[in-house]
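Hi,

Here's the structure I promised to pass along. Have a look first, and my notes follow below.

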Amino acid sequence: MGLRDPMLRNRTIEVTAGGSQSDYPGFTSMAIQLAVDEATGRGGGIVRLDKGVYDIYGPIRLTDRVTLTGAGPETVLRKTDGFKSPFIVDADYGELRVEVADASGFRVGMGLQIFDESQKWGWDESTATITAVDGNVLRFDRHLERDYRTDDGGMATNACPIIEAVDVEQVRVRDLAIDGNKAANEPIGGCRAGGIYLKKARDCMIERVFVRDFNGDGISWQITENISVLHCDVRGCTGSGLHPGAGSHSSRVKDNTCVGNGTAGLFICWRVQFGEFERNVLEHNAVSGISIGHKDSDNRFADNVIRGNGNSGVYFRPEKASNGANRNKWLRNVIEDNDGFGFFVNAGSIDNELKDNLIRDTGAGRQTGDVWLADGADRFPANRE
């Protein structure tokens, strides 16, 4: 693969974190971030984590040409318990402060999420890291994205990504586990966060990562090019397992398993194009195995197993044909025992190729049909087995 050689050539140093003999001792997000910062200051390198459970209270922010690697599933990044407080003065666009009713559970270095009831999902939340706590005033490092109101349920929480990479290239995350501790944390939306979250990133790779119980999406990447997600396992998240979105181009999503997540196993969001989605197992997710919609076109879905999901195996979200999920190829997928249909095309999508897919109910009585087409859906050639 093209990105491998330049990434490896830039691995000039190795920095360690975790155990007492490491460069940065301590099983905390602070120790990991200090190791990342050293690698950043030297132009990139490998940050190697020891086995153990790390307490993560703020996002680990990766930078260009940094690889974060663990020792496999015994390297666990676990989100600390959540805390929240309403704010008592409106928090306005562009501000770097918020005054909360109770600051006792917040501290410097902690991740921060700001929202109100009208601006809570999609791109409307704001995320940051706390830089100071002055009485009941929290100061942070990113300008607020919206105007948030106290009389509309304005809230500050410490929900945040576990690993975050924004405006980066040639980042790699591999051989570790993420425990989102969802029972003790507030939810956070997948456009701004995830167990692993990439935004405006290119030529990056996530491989052999286990994500469990994040109160949001397992792995989310937005406004990206050439992102590879390989051999990962995402289970029990309240959002989707995998969430490419916002114009992400040329994603490679292969050999992953997404089981028991709260929405889709694979949520193909807006303008995801020219991706390759192969040999993934998408099972028992609450709202479809794959959800696809707005301008999600020219992708290839091959040799996936899509089984036992709610709301159909593959769900096309409502769109007019000009904005539909057009010209996708669906090849040799097993789509069985989902609620509803194998393909539920609730959209004006056109020119999808279905070839050699096995679409069936094995006796569970859940999957009532192969393909359902809404008015405006056109040129879905009959599946050939």
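How many nonpolar, polar and charged residues does the lining of the second largest pocket have, by class? Sorted that way, the lining has five nonpolar, five polar and three charged residues. Before you read on, keep in mind that this is a predicted model.

Some more on that second largest pocket: the space in it comes to about 230 Å³. It is lined by 13 residues, and Met30, Gln33, Pro59, Gly109 and Thr129 are the ones closest to its centre. Two elements, helix 2 (29–41) and strand 5 (60–61), each give two or more residues to this lining. Helix 2 gives the most, with five residues.

Now the largest pocket. You'll find about 270 Å³ of space there. Its lining is made up of 17 residues, and those closest to the centre are Gly189, Gly190, Asp217, Gly239 and Thr263. Split by class, the lining of the largest pocket has ten polar residues, six nonpolar ones and one charged.

Glu278 has a relative accessible area of 9%, and because anything under 20% counts as buried, Glu278 is buried. Leaving out residues up to four places away in sequence, Glu278 touches Val253, Lys254 and Asp255, along with Arg300, Ala302 and Asn304.

That's what I have so far.

Cheers

Conventions
Residues are numbered from 1 along each chain as its sequence is written. This is a predicted model: local features need pLDDT of at least 70, side-chain atom pairs count only at pLDDT 80 or more; totals for chains, interfaces and linings use all residues. Side-chain values use heavy atoms; hydrogens and water are left out. On a 1 Å grid over the protein atoms alone, a cavity is a set of points where a 1.4 Å probe fits but cannot get out, and a pocket is an open set with protein on both sides within 12 Å along at least five of seven lines; lining residues have an atom within 4 Å of a point. Grid points are joined across faces, edges and corners, and a volume is the space filled by probe spheres set on the points. Ala, Val, Leu, Ile, Met, Phe, Trp, Tyr, Cys and Pro count as nonpolar, Asp, Glu, Lys and Arg as charged, and the others, Gly among them, as polar. Helices (H or I, at least four residues) and strands (E, at least two) are DSSP runs, numbered from the N terminus. Buried means under 20% relative accessible area, exposed over 50%, partly exposed in between (1.4 Å probe, protein chains only). Contact means heavy atoms within 4.5 Å.
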